[in-house]
Amino acid sequence: MRKVLVIIGVLFILTGIVGGAITIGSNGAFAMTYEELRELYKDELHDEHKEFTGELKNAVIYATSAEVKIEYSDIDKMVVDYKSSHPNIICNITFNEKTGELKIEEVSRHAFFFLFWFNVGKNEITVTLPDEYKDNGIELVDIRLTSGDLKGDLPSCEYLKLNFTSGKADNVTIDCEKADMYITSGNLSITNRGEKMDRISFSATSGDAKFYNFTADESIYEMTSGNLYVEGATGDVSVDKTSGNTTLAFAQFDGDIEIESTSGDSKIMLPGNYGFDLEFDRTSGHCEIQLPIEDSDNITRITFDDDTKTHLGSESDNKIKIDITSGDVVICPVE
């Protein structure tokens, strides 16, 4: 009987908390602006401002729920500002002068009484670096977002790691030698502002991805669902997709192309008059070539309507291999 009374008492307490939360909402808390809410609960929020001097070698940002912005200035120091929107999330900001690592890490502290906090804004992490780091490379940029957005020009680096659980990178620019990018759910729009990269690896579960000026010796794109657009491709390019459309616009056709897709249309756009060795295998769909063939001045359209593997320009060093279950393929000039 005592256990039953205890359980009933706990239920009454929970009901009171929920009811109080609803009452607060009905009395206008939901109508508060973010700044008004911050002012009301300013003692519970955890804003941070840190400044560091020294040589930056590694920039590491792990965010649970934040909008991350990278900026530059002519001051000779690193500045990190954290604007909190939730009393149960803190941000640890450190710089190791010996290793040159700037580390910014959001930490969520699970506290029951903040379950009913009304989030009306995102946490913000603003990193301001000396101008030199935009073009003079550091060793590593490692950014992981559980939920949030990434904006700005990332520091020039040897190795770039991007890992998003959900979120987006909109109009972000990079400058690196090699990059590994992993997206569980979200959209990307990234431009390479630097020179030709050594290697690019991109993996996504869902979401659309757009890459501009993505010149590299080797590029690997793996997606479960979503559309892929790559502009300025060079070197060896490999695409493995389950569903969604693929567009590859080449700046220079100087490697091999391989596309494997379960469903979705693919377009390969090549500059100039290139010969190539084409291997096309499909279950449903067709391949149409809208390029000059064998040094012809006329554009020849060739459509493959059977299931056999067909080779074109077998003496060429450039190879295109396409294996699709369902979808159409077009090989055409760059628009």
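This is a predicted model: local features need pLDDT of at least 70, side-chain atom pairs count only at pLDDT 80 or more; totals for chains, interfaces and linings use all residues.
Helices (H or I, at least four residues) and strands (E, at least two) are DSSP runs, numbered from the N terminus. Residues are numbered from 1 along each chain as its sequence is written, and side-chain values use heavy atoms, with hydrogens and water left out.

Next, show the surface. The protein chain has an accessible surface of about 16900 Å² (Shrake-Rupley method, 1.4 Å probe; for residues, only the protein chains shown count as cover). Carbon and sulfur atoms account for 48% of that surface. Of the 335 residues, 43% are buried (under 20% relative accessible area; exposed is over 50%, partly exposed in between; 1.4 Å probe, protein chains only).

Now select the aromatic side chains. A search of the whole structure finds seven aromatic pairs. Rings of Phe, Tyr and Trp (its six-membered ring) pair if their centres lie within 6.5 Å; planes under 30 degrees apart count as stacked, over 60 as edge-to-face and the rest as tilted.

Begin with F52 and F95, whose ring centres are 5.8 Å apart and whose planes meet at 40°, so the pair is tilted. F52 belongs to strand 1 (residues 48-52) and F95 to strand 4 (residues 89-96), so this pair ties together parts that are 43 residues apart in sequence. Both F52 and F95 are buried.

Move to Y212 and Y229. Their ring centres are 5.9 Å apart with the planes at 55°, so this pair is tilted. Y212 lies in strand 11 (residues 209-212) and Y229 in strand 13 (residues 228-233), 17 residues apart, and the pair links distant parts of the chain. Y212 is partly exposed at 24% relative accessibility, and Y229 is partly exposed at 25%.

Then select F202, F211, F214 and Y221, which ring pairs link into a cluster.

K178 lies over the face of Y159, 5.1 Å from the ring centre.

Finally, centre on D149 in strand 7 (residues 138-152). D149 is buried, with a relative accessible area of 12%. Which residues does D149 touch, not counting those up to four places away in sequence? They are A66, E67, V68, K122, G167 and K168, where contact means heavy atoms within 4.5 Å.

How values were computed. A charge sits over a ring if NZ of Lys or CZ of Arg is within 6 Å of the ring centre and within 35 degrees of the ring normal.
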